[in-house]
Amino acid sequence: MTTPLSNLRVNGDRLWDSLMEMAKIGPGVRGGNNRQTLTDADRDGRLLFKAWAEDAGCTVAVDSMGNMFATRPGTDPEALPVMVGSHLDTQPTGGKFDGVLGVLGALEVVRSLNDLGIRTKHPVEVVNWSNEEGTRFAPAMLASGVFAGVHDETWAKGRTDAKGLSFGDELKRIGFEGEEPVGTRKLAALLELHIEQGPILEAEGKDIGVVTHGQGLWWLQVTLTGKDSHTGSTPMPMRRNAGLGMARLTELVHTIAMANQPAAVGAIGHVEVYPNSRNVIPGKVVFTVDFRSPDLGTLNGMKARFEEEAPKIAEALGLGLTIEVSGHFDPVAFDETLLGRIRAGADRLGYSHRDIISGAGHDACWINRLAPTAMIFCPCVDGLSHNEDEDISKEWATAGTDVLLHAVIETAGVVEG
């Protein structure tokens, strides 16, 4: 059957009910979620998603990295699937929507296609990528990275958590190491719906963010080595204070980022101070630098400037310095055809929208190496994410999923009759 595209919308109440039902699994301490990768809660969330997908007429497959694929058949057996989805794992103190909206929004697209009696040429495949957050097993976007050929599977399965448990062993323990070799599944395109995790859409009153780019990043681990000594009895000119060095390098990172506005950010993140005693001048500090930009030249330029100027600051303070790369990926430009379909869908449905750049990494950034890829953002309250207070409205979730439905239909192709 055919239906005027302007009339096609998802069931927002059903979507919201699914989000709230999933949020009951791995509840946080104050309203959010703690459903970390390959925990019992992650297993239970996967099982609920599998049951829902099968109820919607999908066939569910799992690959050797635990990635889940729920397939609604298309009419052309030769047509590659249009993947739609995100991740179900959360931060230790995560919200109910980061990643989850993308998976359950994709499932709602399938349910709505069923309700409307719409058949598509291409299969529509709802995907749940394993370990997007990277909290328990670093790095982030681990399984989609293996799928895309960025990481080696053996290396990935050997990643360990704080207790020394490996990804591979825990994947087997929860029963989600599939037989399908990771990365062998082909796709025509991938669409990912996600909350913005930033304040722009809400501040500007926009319903939809059309994600044109994903920022690239450099993560640098910096070690400053000085000399532990008593804070009260060591003369100021004789100190080799690693803490002071970190303070000055923190200012350098900020200065570099500000010099590359508006499309650049930079900050000091994780910090370890030794011996971390109130009356001992720090003799060693290890910390991370996070530079991000959607422009590759800017991104590399920030890293180069830090590597040039940081040694001068350390030398002036009598400190040893090492800088090691702990993470990197280049900026991503999403597919213009898919972006056009997202904009057209928002216009057709009467939703306001604006182009936006993702400040965070997402699975779509890795899959972009394999096939045309695009992302849709919906607003979130105060831009807050990776926090139990993360919040969105049912209307925002519905609008994003409505636009996702239209983009999927145009990409998968409606079969008439």
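Trainee: How do you know that strand 10 and strand 12 (residues 284–293) are paired?

Mentor: Strands pair if DSSP finds at least two bridges between them. Here eight bridges join strand 10 to strand 12, so they meet the rule. The two run antiparallel, and Glu 272 sits opposite Val 286 of strand 12. Mind you, this is a predicted model, where local features need pLDDT of at least 70, side-chain atom pairs count only at pLDDT 80 or more, and totals for chains, interfaces and linings use all residues. Numbering starts from 1 along each chain as its sequence is written, and side-chain values use heavy atoms, leaving out hydrogens and water.

Trainee: What makes strand 10 (265–274) and strand 13 (320–329) edge strands?

Mentor: The open sheet has four strands in the order 10-12-8-13, with antiparallel pairing. Strand 10 and strand 13 each pair on one side only.

Trainee: Why is helix 1 called oblique to helix 3?

Mentor: Helices are DSSP runs of H or I with at least four residues, while strands are runs of E with at least two, numbered from the N terminus. Helix 1 (residues 12–23) and helix 3 (residues 100–116) cross at roughly 140°, their axes coming within 10 Å. Under 35 degrees is roughly parallel, over 145 roughly antiparallel, 65 to 115 roughly perpendicular and the rest oblique. That makes helix 1 oblique to helix 3.

Trainee: Which residues of helix 1 make the contact?

Mentor: Arg 14, Leu 15, Ser 18, Leu 19 and Met 22, with contact meaning heavy atoms within 4.5 Å.

Conventions: Axes fitted to C-alpha atoms, helices over the stretch in contact; angles between N-to-C directions.
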